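Reader: Could you walk me through this model, beginning with the sheet and then moving on to whatever packs around it?

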Amino acid sequence: MRRARPGALPRGTGSRALTSVGAGADFVGTPTDESLEQVPVVTEEELTSVGAGADFVGTPTDESLEQVPVVTEEELTRSKLWHITLSVSGGETPLKEVRRGLEQLAHDHPFLLTSRYANDHAEIRYWEEARDLHDAAAVALRLWGEHRSSAKLPPWEIVGLEVIDRETYHLRIAEGYGPPPAAPVGVHPY
């Protein structure tokens, strides 16, 4: 299969063509025997170069290539646990609907530790595994919106977010301040 922009001239010698490759180890789907038969085998020699993206300006030089940071596989897979406290608020909603929605969220998001709620606000606490604080915060900020329809959550807005690493969480608990330990686990009224 050959891919090119309309009107674009072929690059290189024309002897190479883009080929689909199988999903990586982190692919969420389940491969079938049929789908595996369709994945072509690509050798390392065939994967010698890639074209520059649309935002690339200039020609790479040996000097510019030396400035590209090398990321090890360990750095890519290293992650930490982050304690998330997400606060949401909005118009009044019957307590039974809020509780049912938070229970469904806990079912959909199995790492949920504790939810506290009232008829116009709620607080959700859980552990998130992420590479860094930015990734953990991004996932936390999407949690309410992504589960709003599936868990039938109230149309509330996120009004607060705290993301702390595991060490800070345990230090706060040991020193007697910070969020109380997530016990009892579950969905509870304020």
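**Sheet and core**

Author: Val88 has Ala122 in E3 as its bridge partner, where strands are DSSP runs of E with at least two residues and helices are runs of H or I with at least four, numbered from the N terminus. This is a predicted model, in which local features need pLDDT of at least 70 and side-chain atom pairs count only at pLDDT 80 or more, while totals for chains, interfaces and linings use all residues. Residues are numbered from 1 along each chain as its sequence is written, and side-chain values use heavy atoms, with hydrogens and water left out.

Reader: How many bridges join E1 to E3, and in which sense do they run?

Author: E1 and E3 run antiparallel and are joined by ten bridges; two strands count as paired if DSSP finds at least two bridges between them.

Reader: And what is the order of strands in the open sheet?

Author: The five strands are arranged E4-E1-E3-E2-E5, with mixed pairing. Strand E4 (157-165) and E5 are at the edges with a single partner strand each, so one side of each has no neighbour in the sheet. From one strand to the next the twist averages 15°, with axes fitted as lines to C-alpha atoms, for helices over the stretch in contact, and angles running from 0 to 180 degrees between N-to-C directions.

Reader: Switching topic, is Glu123 buried or exposed?

Author: Glu123, which lies in strand E3, counts as buried because its relative accessibility is 15%. Beyond its neighbours within four places in sequence, Glu123 is in contact (heavy atoms within 4.5 Å) with residues including Thr85, Ser87, Arg116 and Tyr190.

Reader: Which residues touch the most other members of the largest nonpolar core?

Author: Ile84, Leu102, Leu105, Ile124, Tyr126 and Trp144 do, in a core of 23 residues, defined as buried Ala, Val, Leu, Ile, Met, Phe, Trp, Tyr and Cys residues joined through side-chain atoms within 4.5 Å.

Definitions and conventions:
Buried < 20%, exposed > 50% of the residue type's maximum accessible area, 1.4 Å probe, protein only.
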